[in-house]
Protein chains: 2
Amino acid sequence: MATKRIVPEVLKGEAVFPPPLWMMRQAGRYLPEYRETRKRAGSFLDLCYNPDLAVEVTLQPIERFGFDAAILFSDILVVPHALGRDLRFEEGRGPLMEPISAAGIAALETETFHVNLEPVYETVRRLRRRLPEETALLGFCGAPWTVATYMITGHGTPDQAPARLFAYREGQAFRALLDLLADQSAAYLMRQIEAGADAVQIFDSWSGVLDEACFEAFCIAPVARIVRQVRAKHPGVPIIGFPKGAGALYGSYRQKTGVDALGLDWTVPMAAARDLQRTGAVQGNLDPLRLVAGGSALAEGVDAVLKGLGGGPLVFNLGHGILPETPVAHVEDMVRKVREARR
Amino acid sequence: MATKRIVPEVLKGEAVFPPPLWMMRQAGRYLPEYRETRKRAGSFLDLCYNPDLAVEVTLQPIERFGFDAAILFSDILVVPHALGRDLRFEEGRGPLMEPISAAGIAALETETFHVNLEPVYETVRRLRRRLPEETALLGFCGAPWTVATYMITGHGTPDQAPARLFAYREGQAFRALLDLLADQSAAYLMRQIEAGADAVQIFDSWSGVLDEACFEAFCIAPVARIVRQVRAKHPGVPIIGFPKGAGALYGSYRQKTGVDALGLDWTVPMAAARDLQRTGAVQGNLDPLRLVAGGSALAEGVDAVLKGLGGGPLVFNLGHGILPETPVAHVEDMVRKVREARR
């Protein structure tokens, strides 16, 4: 490779300053060009499964801001969808699924999984050809726990109580679901890597609602299973784990899953983040609302991340996805601040 | 005092096994006798301000389960209500308030605060007379950050984004609101203590959505201010701080607020909880959904708390309020398990 891609190197532990940056949900509704493309797609799922349009929206933030990484435009719920579960997205309500039962878990069908996901793999192949040589391409999947919460409840909830209760009451069926999701997600990530992804991220958006025993069984164990499988086949490709809201459990997650890099949400304090950074790269963790607010709230937030974590391997990012109401000018301001940072 | 109240002693650092226990929201909808009393009150606020009925519901779980502590039946939002803000509760929607502006903050009226809250103080006085001598009576208030989120947004949200954005944009007005709420809450807690409360708890239900700088300014600083004022006048009365969801920030909260005891939510892992317990009592932290589920989920959860924290000063409790759908038989089972625990 003629030009070096920085993001995978940092994810593997190299410290670079100023740090490379990208933003979770960087291809999204805060961008006018995304909203234009979105109108041309039918449903949100149509957009995910249309390589022409998915490539287009993935490239938009790269063209506009020159981020160091592009992330495949897709959704974590294409995995259960590819397993035959019903899925639709309603404006303002988020994803809606038919809640799964223990019997439904036993009946999940894996045979056409990769055929169903072929448009995603095609998107990855085209992206790697279209992206600038120095821009890393990230693949991703949802972590089994987070994906399972939507499959069980059928929609988002503030605390995932229905899925947690299902797990307490139907332990065997629930563990079978997590195992199946782990194996399919590992296979999904490997196909993305084979199609051209330079690194992959595992999103566990609902890690923060579990007690320690459940966190070990539902978050750590399935992600460790994914990491083992992916690493066996693609040992050089960095894996980012993002157990959002894991709080005091971040350390045990890093140690036991074996991920190369940790995505940090914005609530992780700097002393804890630096401790985590001693054993590998971290990614994050600006409060997305500081980017909405702009001004001194943004400047202070960027400074805190750079000062707190800039001395070690860091991929600058938000602590969660960018919000639709974020002004584009604030993103420009953030990118400038990070790029012009000097120690 | 002839009979010793165990809970305040444990909160001040004494280790007792089996630990004393009570449950957050123990006077509540899971109890048939509560639902009967509730029918006789008009609105939920009427119930809070009616000493006859508030005493009745506060005593119900003590009579049924013999908990070691009773907690005043009230709501954290009586404080802004007593400051003249509109407040109502709608079934299934929770509290609703008129969102406050910067001008509204400047216009808050403290003159009739204690007059408005006199029914609460009367409830406390009657409770201390009616409770068994050995049962501790706990007073409480909401922490300024959590109360402010409802005042600013007017209703609950999943992540308190409107209040956080208000704080970023209108920093001066927001800090003035927190200071005023801290001073009024301190005065409110002192009146509860003077009316007979043996200890007080400060509920910060929305601690878990802030980055480190905001946590320091919005959660720690106002609670430290309350603790200073209450302790200056009532140095012997233990104060419990409950920064729900504080995650890796629990340690700094304990150190900087000066609270005697820490309420732990169910996501705090045992190693972190034991670290926190080295410098003072802890209270918690069974996942309330384990109590809903019952059976082995409950047994394993109770064992984990007793084994993890039973060696130091512990008040056994849930990691958040008991849920309305909890079977009474599961509560009986939990009480038996804790009371019969042997090392």
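Colleague: How many helices and strands does chain A have?
Modeller: The model is a predicted one, in which local features need pLDDT of at least 70, side-chain atom pairs count only at pLDDT 80 or more, and totals for chains, interfaces and linings use all residues. Residues are numbered from 1 along each chain as its sequence is written, while chains are lettered from A and ligands numbered from 1 in the order in which they are written. Chain A has 17 helices and nine strands, where helices (H or I, at least four residues) and strands (E, at least two) are DSSP runs numbered from the N terminus.

Colleague: And how much of chain A is buried?
Modeller: Buried residues account for 54% of the 343 residues in chain A, a residue being buried if 20 or more other C-beta atoms, placed from the backbone, lie within 10 Å of its own.

Colleague: Switching topic, how many residues of chain A are in contact with chain B?
Modeller: On the chain A side 28 residues are in contact with 28 residues of chain B, contact meaning that the C-beta atoms of two residues, placed from the backbone, lie within 7 Å.

Colleague: Which element gives the largest share of that side of chain A?
Modeller: The largest share, five residues, comes from H10(A).

Colleague: In chain B, at what angle do H9 and H10 pack?
Modeller: Helix H9 (residues 144–153) of chain B and helix H10 (residues 161–169) of chain B pack at about 95 degrees, with their axes 8 Å apart; the axes are lines fitted to C-alpha atoms over the stretch in contact, and angles run from 0 to 180 degrees between N-to-C directions.

Methods: A residue is buried if 20 or more other C-beta atoms lie within 10 Å of its own, exposed if 12 or fewer, and partly exposed in between; C-beta atoms are placed from the backbone.
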